[in-house]
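These are my notebook entries on one structure. I record what I looked up, in the order in which I looked.

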Amino acid sequence: LSKKPDLIFLDLVMPNTNGYEICSHLRRLPVFQETPIVILTGNDGVVDRMRAKMVGADTFLSKPVKIATLLETVRQSLPETSDVDTPEAAVSVPSA
């Protein structure tokens, strides 16, 4: 990677794999052991939440995600963004 992400969002349902597998693989890599990982899913069961924690996810959000919940998750995961109060402020686009 040319630049390591500060925060990773993973959907549970993806083609050819799932968020649990990717989270587990990322947690095995030293460079991602401290990176916050948020699992997103439409499945909001206790088993899903427990499994997400077991593979190393920091947070579990149910879809559809409310913007206030998303912003609070970013604030908690990235303390340096504590002044983020709008969706536009939460998004940074790297320059080319």
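I took buried to mean under 20% relative accessible area, exposed over 50% and partly exposed in between, with a 1.4 Å probe and protein chains only. Helices (H or I, at least four residues) and strands (E, at least two) are DSSP runs, numbered from the N terminus. The model is predicted: local features need pLDDT of at least 70, side-chain atom pairs count only at pLDDT 80 or more, and totals for chains, interfaces and linings use all residues. Residues are numbered from 1 along each chain as its sequence is written, and side-chain values use heavy atoms, without hydrogens and water.

Entry 1, helix α1. I found Gly19, Tyr20, Cys23, Ser24, Leu26 and Arg27 buried in α1 (residues 19-28). They lie on the same side of α1, because they cover an arc of only 165 degrees around the axis, taken from the directions from the helix axis to the C-beta atoms. Among the elements that cover them are β4 (37-41) and α2 (46-54), where contact means heavy atoms within 4.5 Å.

I located Thr41 in strand β4. Thr41 is buried, with a relative accessible area of 0%. I noted that Thr41 touches Asp11, Leu12, Phe60, Leu61, Ser62 and Lys63, not counting residues up to four places away in sequence.

Entry 3, the sheet. I read the strand order of an open sheet of three strands as β1-β4-β5, with parallel pairing; two strands pair if DSSP finds at least two bridges between them. The edge strands are β1 and β5 (59-62), each pairing on one side only. Four bridges join β4 to β5, and Ile39 stands opposite Phe60 in β5.
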